[in-house]
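Here are a few exercises to work through with the model open beside you. Have a go at each one before reading the solution.

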Amino acid sequence: MKGRVLCPFICLETNVISRLFFLLACLVIALPTQAQEGAAPSLKSIIAQNAPDIIKGSVRTAPPIIEALVDLDEPEALRFLSLWQEKSLWYRKADDQIFIAEEREDRTYELFDIATLAPVETLPKKQIKQIKPNSGLRALIDEALVISRLKNDDIAVRQEAVSSLSRLANEQHLAPLRAAIEVEPNQDLKAEMERLERFMTIQFGTSSEERVEAIQKASEDLSIETRANLNRIISSNIALRESVGDDANIARQVMPGEEDFSIEDAYQLLINNDLAEPIPTASERTQILIDNIGEGKVGQFTIHNLDTQKNRDAAYLALVAEGKAPFWSPGLSADILVEQFEFVEVYDEANAQVTAAAEAALKEIETRVAMSEFMDVLLDAISLASIYFLAAIGLAITFGVMRVINMAHGEFIMMGAYTGFVVQQFITNYTLSIIIAIPLAFAVTFLAGVALERLVIRHLYHRPLETLLATFGISIALQQLAKNIFGTQARPLTAPEWLDGALVINDVISISWIRIAIFGLSILFFVVLLFVLNKTRFGLETRAVTQNRQMAASMGINPNFINMLTFGLGSGIAGIAGVAIGLYAKVTSEMGSDYIVQSFMTVVVGGVGNIFGTLAGAVMIGFLQKGIEWFNPANTLAAQTYMIIFIIIFIQFRPRGIIALKGRAAGD
Amino acid sequence: MQGPLTQFLMKNPSVLIFLGLLSAFTMFAAIGSEAFGIGFISTSMIKTLGKTLCFCLIAIAMDLVWGYCGILSLGHFAFFGLGGYMIGMWLMYERTRLIVENSMANAALPPTPEEIQEAIGTQIFGVVGGAEIPVIWSFAHSLPIQLAFVVLVPGLLALIFGWLAFRSRVTGVYLSILTQAMTLALALYLFQNDSGLRGNNGLSGLQNIPGLDHVPQSHISLYFLLASAFALGLGFVIAKLIVENKMGNVIMGIRDNEARVRFLGYHVETYKLFIFTLTAIMAAIAGAIYYPQAGIINPAEIAPIASIYLAVWVAIGGRGRIYGAVIGAALVSMLSSLFTGGQIPNIEWGPINIVWVDWWLVLLGVSFVAVTLYAPKGIGGLFDIIKLERNK
């Protein structure tokens with residue numbers, strides 16, 4: 001342990017003995033100034049002895065001073081270094097003593113002691129001078145500071161040092177970083193340091209074996225940082241074959257006209273190598289023609305004839321013949337010229353072993369990233385499917401079981417979301433407010449659904465198309481009503497803290513907790529509804545009414561009452577879905593219409609009158625949409641368009657949906 | 001000796017009445033207009049009236065397909081919009097070309113055709129970050145071809161969609177949802193910037209007719225009003241010709257009991273497809289006359305909601321009678337522009353303060369529900385009551 005402390009850069013032990021050892025170690029370093037002193041150096045003594053060098057600030061003389069100051073391992077010394085770097089130090093012209101200065105009135109400066117920060121005196125500006133280290137020296141100081149911070153006792157300082165290193169590292173940082181890893185007690189920070197060390201080894205490692213090994217290790221990491229570091233290794237540019245030496249690290253031969261290397265680029269390379277003359281472009285030629293206009297003519301061509309490219313070319317050739325324009329001929333084209341030359345892609349990195357390893361590692365990472373992305377799309381699709389399922393399941397009950405189309409279903413979703421919003425206005429505890437909002441939203445929309453059924457839909461059972469229109473009337477009225485009450489701006493429905501953030505699986509796959517909660521909720525709904533419809537008296541009666549209303553009525557079931565309850569149930573579920581969707585999206589008066597068409601699609605594609613059908617429909621639509629988006633990620637609008645077209649075609653082949661009812665219940 | 005036309009008119013006096021009223025209305029508008037008359041009707045009002053006539057025409061189409069044939073199409077506004085886009089392409093291209101040629105006329109060298117093309121492309125598509133003229137604009141320079149497209153493109157879309165849908169016997173609410181999905185898909189497609197139709201910017205400046213810059217808007221608006229009236233009259237006569245013939249009986253039979261008509265040996269799908277396609281073309285023509293008056297078309301216009309409003313107009317006016325559709329469209333669209341335009345005084349009764357701009361849609365929604373519930377025949381039903389009273 002103590003042997004390690006002898007290393008002149010590192011001191012992580014806090015006990016006195018190790019500190020003493022360290023000071024001894026400092027003395028061992030042959031600093032001429034300290035050797036003269038013969039006693040333990042202090043900040044003051046170092047500065048006093050080196051004042052002329054500090055003031056002059058040359059890159060040649062400064063390193064021993066910086067080293068001595070860092071080795072002091074005192075906060076004051078580090079502060080001195082950063083002040084030096086920030087050009088905040090001043091010296092008194094009379095005796096070259098160094099101070100920190102602060103401007104006061106009348107062009108005077110108050111001087112402070114560098115160690116104690118105690119005020120010393122106030123002097124006019126004439127008597128002091130600022131110390132301005134040049135940029136090379138400032139970089140040196142910065143490097144020294146980073147290293148010293150790496151061995152600081154405070155973890156925050158070390159963390160800060162690591163992150164600043166990751167931005168601007170050079171080969172000199174590698175050794176101290178490796179030493180710091182050895183003794184780093186914090187596991188997280190240690191992992192981060194190791195990663196940084198790997199990147200730095202890849203870049204600055206001394207032997208190619210060392211670098212290749214680091215690259216192979218890095219290929220297990222999917223982070224964007226790793227990929228950026230590896231990409232930096234294989235950065236390349238395209239050059240003329242004859243202009244690069246035989247020892248160049250050549251990636252491959254490139255043909256002009258390939259991706260990323262156009263004929264124009266190739267030609268530009270030839271021009272840069274003095275192998276070709278620039279070809280005047282069409283607009284340049286036109287400009288030359290304009291420059292040569294005289295008395296309504298260019299040469300022998302009158303201007304009004306120059307309205308085709310052919311005539312312009314002829315006029316330009318005439319100018320070339322007269323020597324008034326740069327050479328150009330119609331057959332002159334860049335692609336014939338560039339074909340006579342060979343172009344190669346050359347790595348900036350000279351070591352072929354390293355670039356080959358980096359290429360291989362990147363390829364491996366790419367495969368794994370692609371797999372992770374695929375997983376991510378799958379998760380996204382599941383999440384979208386569960387949102388569609390939530391939005392559609394209420395509709396599946398009202399539309400599927402009762403054959404009643406409810407265009408106001410989206411507005412029930414909206415009502416549920418606004419219920420949640422209103423509850424949050426009164427109850428500020430988000431967890432509690434969500435717990436209250438869910439049953440309340442169910443109650444509100446259940447009542448709204450029952451009212452709608454009793455007042456409107458009951459009278460239209462035999463006119464399904466008119467139900468569609470009447471409920472549409474309700475829908476526009478409700479939407480406008482919400483707009484009048486809550487305004488047009490989006491209202492937030494804040495999720496409780498424990499739903500914040502995301503479940504991160506690796507650098508590519510992550511999924512937010514809200515989406516997981518929505519997924520859980522839709523599974524719950526699915527199970528509960530299955531139970532209610534298949535295992536309860538109410539479910540039995542609902543199914544009976546669905547299958548044969550008259551027969552059910554003659555068995556003593558009150559079909560009107562059952563219909564009312566079913567409609568209320570479907571609407572109530574829409575309300576709960578509204579709370580969930582509100583958490584994930586914003587609450588607006590138009591949020592319902594965003595989901596209504598997709599909900600209908602879900603129900604129709606899945607198959608009417610069947611909860612399994614709705615699940616199948618939601619899964620299919622969710623996966624389809626995400627799948628199409630995967631192929632064309634920039635364009636979600638196109639994805640939706642193609643999905644709808646696909647569904648229209650799908651309906652051709654399975655007009656009754658994925659899971660079709662058979663027999664009498666299918667009806668017509 | 002009575003020709004078939006005279007016979008038809010004798011049997012259907014409503015055609016003559018309607019055409020008479022329509023001509024009286026256009027005469028009135030012309031006399032009142034700023035262009036030729038005494039000028040108490042402003043140019044913007046003339047445009048509103050012209051646009052309303054176009055709405056009446058698409059309402060007739062909707063009535064044919066829904067009120068008579070029982071297909072609740074929620075996609076006819078898509079055809080309306082497509083018609084508008086087709087004519088809008090020519091209007092925009094030609095006008096841009098004239099502007100570009102004008103501005104290039106003073107250049108040092110006369111422009112080449114390629115330069116003109118490029119300038120037009122930048123002018124039209126610069127807003128969506130392109131300069132190339134998409135393939136679908138290949139014929140935008142030619143008015144006859146674009147006019148043919150007004151009929152052909154929506155007609156073909158309706159034909160293919162209808163064939164697919166009717167062939168697999170999608171009926172009732174399923175069909176409604178499917179047509180709504182088609183409309184949504186089209187609107188979403190057009191919203192993209194790379195759709196070739198300027199994304200959500202749509203086509204604009206359509207009120208400026210290329211080559212007619214010297215004619216004032218007051219005149220142009222009146223010409224368009226006349227064109228709208230003519231198209232509406234023609235549409236009314238065609239609709240009447242269809243529904244008052246044997247074909248009308250068949251399609252009404254399909255509406256009332258599709259299976260029974262099929263068992264009688266009629267090829268139901270063909271009839272439905274014919275009506276669907278024909279009405280789509282009517283809607284497209286209405287759109288092609290409408291958008292030069294509106295001046296701008298964008299994908300938001302063909303969102304599914306617009307087609308539902310169309311159904312609302314027809315339902316309020318009264319389904320299954322052609323004049324009902326006209327009344328509904330005219331009344332509701334005029335009322336809508338009155339209420340949302342702030343021309344109706346707001347009500348302030350103590351704490352109750354009703355601002356019509358905010359409450360019009362609520363009123364429309366509720367009254368629409370009321371009409372569906374209590375007056376399924378719509379406003380047209382009133383005429384039945386009057387007739388009954390007279391016959392007593």
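**Exercise 1.** What should the 13 residues of helix 5 (residues 113-125) of chain B span at 1.5 Å a residue, and how far apart are its end C-alpha atoms?

*Solution.* Keep in mind that this is a predicted model. Start with the expected span, which is 1.5 Å times one less than the number of residues. For helix 5 of chain B that comes to 18 Å, and the end C-alpha atoms are 18 Å apart, so the two agree.

Next, look at burial: Ile120(B), Ile124(B) and Phe125(B) are the ones to find, as they are buried in helix 5 of chain B. They cover an arc of only 95° around the axis, so they sit on the same side of the helix. As a reminder, an α-helix has 3.6 residues a turn, so residues three or four places apart point the same way. Finally, find the packing partner: the buried residues of helix 5 of chain B pack against helix 4 (76-104) of chain B.

**Exercise 2.** Which residues of helix 15 of chain A are buried, and which on the other side are exposed?

*Solution.* Check the helix first. Helix 15 (residues 309-321) of chain A has 13 residues that should span 18 Å, and its end C-alpha atoms are 18 Å apart, which agrees.

Now pick out the buried set: Arg312(A), Ala315(A), Tyr316(A) and Leu319(A). Seen down the axis, these fall within an arc of 100°, so they line one face of helix 15 of chain A. Lys310(A) and Ala321(A), on the other side, are exposed. The buried residues pack against helix 14 (282-291), strand 8 (297-298) and strand 9 (301-302) of chain A.

**Exercise 3.** In what order do the strands of the open three-stranded sheet of chain A run, and why is one side of strand 6 and of strand 7 left without a neighbour?

*Solution.* The order is 6-10-7, with antiparallel pairing. Strand 6 (236-240) and strand 7 (250-254) of chain A are at the edges with a single partner strand each, so one side of each has no neighbour in the sheet. On average, neighbouring strands here are turned by 30° against each other, direction ignored.

Then zoom in on one pair. Strand 7 and strand 10 (residues 343-347) of chain A are joined in the antiparallel sense over four bridges. Gln253(A) has Val344(A) of strand 10 as its bridge partner.

**Exercise 4.** How many residues of chain B are in contact with chain A?

*Solution.* Count both sides: 42 residues of chain B touch 44 residues of chain A. On the chain B side, helix 7 (172-191), helix 12 (304-317) and helix 14 (356-374) of chain B each give two or more residues. Helix 7 of chain B gives the largest share, 14 residues. Sorted by type, the chain B side has 31 nonpolar, eight polar and three charged residues.

Conventions: Residues are numbered from 1 along each chain as its sequence is written. Chains are lettered from A and ligands numbered from 1 in the order in which they are written. This is a predicted model: local features need pLDDT of at least 70, side-chain atom pairs count only at pLDDT 80 or more; totals for chains, interfaces and linings use all residues. Two strands pair if DSSP finds at least two bridges between them. Axes are lines fitted to C-alpha atoms, for helices over the stretch in contact, and angles run from 0 to 180 degrees between N-to-C directions. A residue is buried if 20 or more other C-beta atoms lie within 10 Å of its own, exposed if 12 or fewer, and partly exposed in between; C-beta atoms are placed from the backbone. The arc is that of the directions from the helix axis to the C-beta atoms. Two residues are in contact if their C-beta atoms, placed from the backbone, lie within 7 Å. Ala, Val, Leu, Ile, Met, Phe, Trp, Tyr, Cys and Pro count as nonpolar, Asp, Glu, Lys and Arg as charged, and the others, Gly among them, as polar.
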